[in-house]
Amino acid sequence: MSMILFACVVRLRDGLPLSASTDFYHSQDFLECRPRLKKLASRLAQYPGRGSAGGRDFSIHFSSSGDVGCMAICSCQCPAAMAFCFLETLWWEFTASYDATRVGLASRPYAFLEFDSIIQKMKWHFNCVSSSQMQRSLEKIQEELKLQPPLVLTLEDTDVANGMLNGHMPMHLEPAPNFRMEPVSALGILSLILNIMCAALNLIRGVHLAEHSLQVAHEEIGNILAFLIPFVACVFQCYLYLFYSPARTVKVVLLLLCICLGNTYLHGLRNLWQILFHVGVAFLSSHQILTRQLQEKQSDCGV
C-alpha cells in the first residue's frame with residue numbers, strides 16, 4: 001500500500017490551493033482528512049515551518065517556507081522523515097518552476113494544474129523507488145527533526161484553532177483572514193511596468209550621484225535622498241497593487257506625496273517632461289491600487 005496518498009501545494013498567506021495530486025482513495029477516514037487539511041491550510045502561516053497532525057489511520061504533514069506551503073496525507077505507517085523529505089523536495093520543485101510573483105498573482109484555486117503531473121511522479125517515486133540518494137536525504141531530514149522537532153497536532157486540533165508544541169501549554173490561534181484581490185488588469189500590469197522603470201531610473205541616478213558626491217562634496221545629500229526616497233516609494237506602490245494591505249488609502253497618499261515632492265526637488269536635475277512622466281506614473285499607479293478591490297469570498301473548488 002502507498003504511504004503518501006495525497007499531496008498539495010498552497011499559498012501560505014491565505015491557504016489558496018495552487019496544485020494538488022489526484023486522489024484515488026475513498027475510505028471514510030481518508031475523506032474525513034480532506035476537509036481538515038483545508039482548514040489546516042488556511043492557518044498554515046501561523047504554524048512553524050514543519051508540523052504533523054496525526055489521526056488513527058492517516059496523518060497530515062506540512063512544510064512551509066517563503067510564500068509556499070506543501071501538505072500531504074500519509075498512512076500512519078509512513079515515517080515522518082520520509083513525509084518531510086517528500087514535502088521538501090516538492091517545495092523545491094514548485095518554487096523552481098514558479099516565482100513568487102506568479103504565486104502572489106494567482107487569483108483562483110488550482111491555478112497551476114500543469115504541476116499536478118509532477119506531484120504524481122514524485123508520489124510514485126517516494127512510494128515505489130529506493131535509492132542511495134534518497135537514503136542520504138532521509139538521514140539528513142532525520143537529523144534535522146532530532147535537532148528541531150516538528151509541531152505535533154491531532155486531527156481534532158485542526159477543527160479548533162489550538163495547537164500544542166511538544167511539552168508546552170496550548171497556544172490559541174485565530175484563523176488567518178482570507179484576503180484575495182481581484183484579478184490584475186491590463187492597465188494594472190502597465191502601471192507595474194512603468195513603476196518598475198521609474199524605480200530603476202531613480203536608483204541608478206541616486207547611486208551614481210552618491211558615488212560622485214562622496215568624492216567631491218557633501219552638499220548633494222538632498223539630491224541623493226530625492227532620488228532614493230521615490231525609488232522606495234515606487235517599490236512600495238508595486239507591493240500595494242499586488243497584495244492587500246490595511247489603510248491602503250493613507251499609504252497611497254503618502255507614497256504619492258513622496259514621489260511628487262522628490263521630483264519637484266529634482267527640478268534642476270530633471271527637465272519638465274521627465275518630472276511629468278514620473279509624477280504621471282505615480283498617479284496612474286495610485287489609481288490602480290485604489291481601484292483594485294478585494295474579491296468576494298468564494299467556496300473552495302475540488303480537484
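**The second largest cavity**

Modeller: Ser191, Leu192, Asn195, Gln237, Cys238, Tyr241, Ser285 and Ile289 line the second largest cavity, where a cavity is a set of points on a 1 Å grid over the protein atoms alone at which a 1.4 Å probe fits but cannot get out, and a lining residue has an atom within 4 Å of a point. The model is predicted, so local features need pLDDT of at least 70 and side-chain atom pairs pLDDT 80 or more, while totals for chains, interfaces and linings use all residues. Residues are numbered from 1 along each chain as its sequence is written, and side-chain values use heavy atoms, leaving out hydrogens and water.

The space inside comes to about 30 Å³, counted as what probe spheres set on the points fill, with points joined across faces, edges and corners; in the whole structure, a search finds two cavities of 30 Å³ or more. Helices α6 (186-216), α7 (221-242) and α9 (272-291) each give at least two residues to this lining, a helix being a DSSP run of H or I of at least four residues and a strand a run of E of at least two, numbered from the N terminus.

For orientation elsewhere in the model, six strands form an open sheet of mixed pairing in the order β2-β1-β5-β4-β3-β6, where strands pair if DSSP finds at least two bridges between them. The edges of this sheet are β2 (17-20) and β6 (151-154), each of which pairs on one side only.

Note on methods: 1 Å grid on protein atoms, 1.4 Å probe; cavity = no way out; pocket = protein on both sides within 12 Å on 5 of 7 lines; lining within 4 Å.
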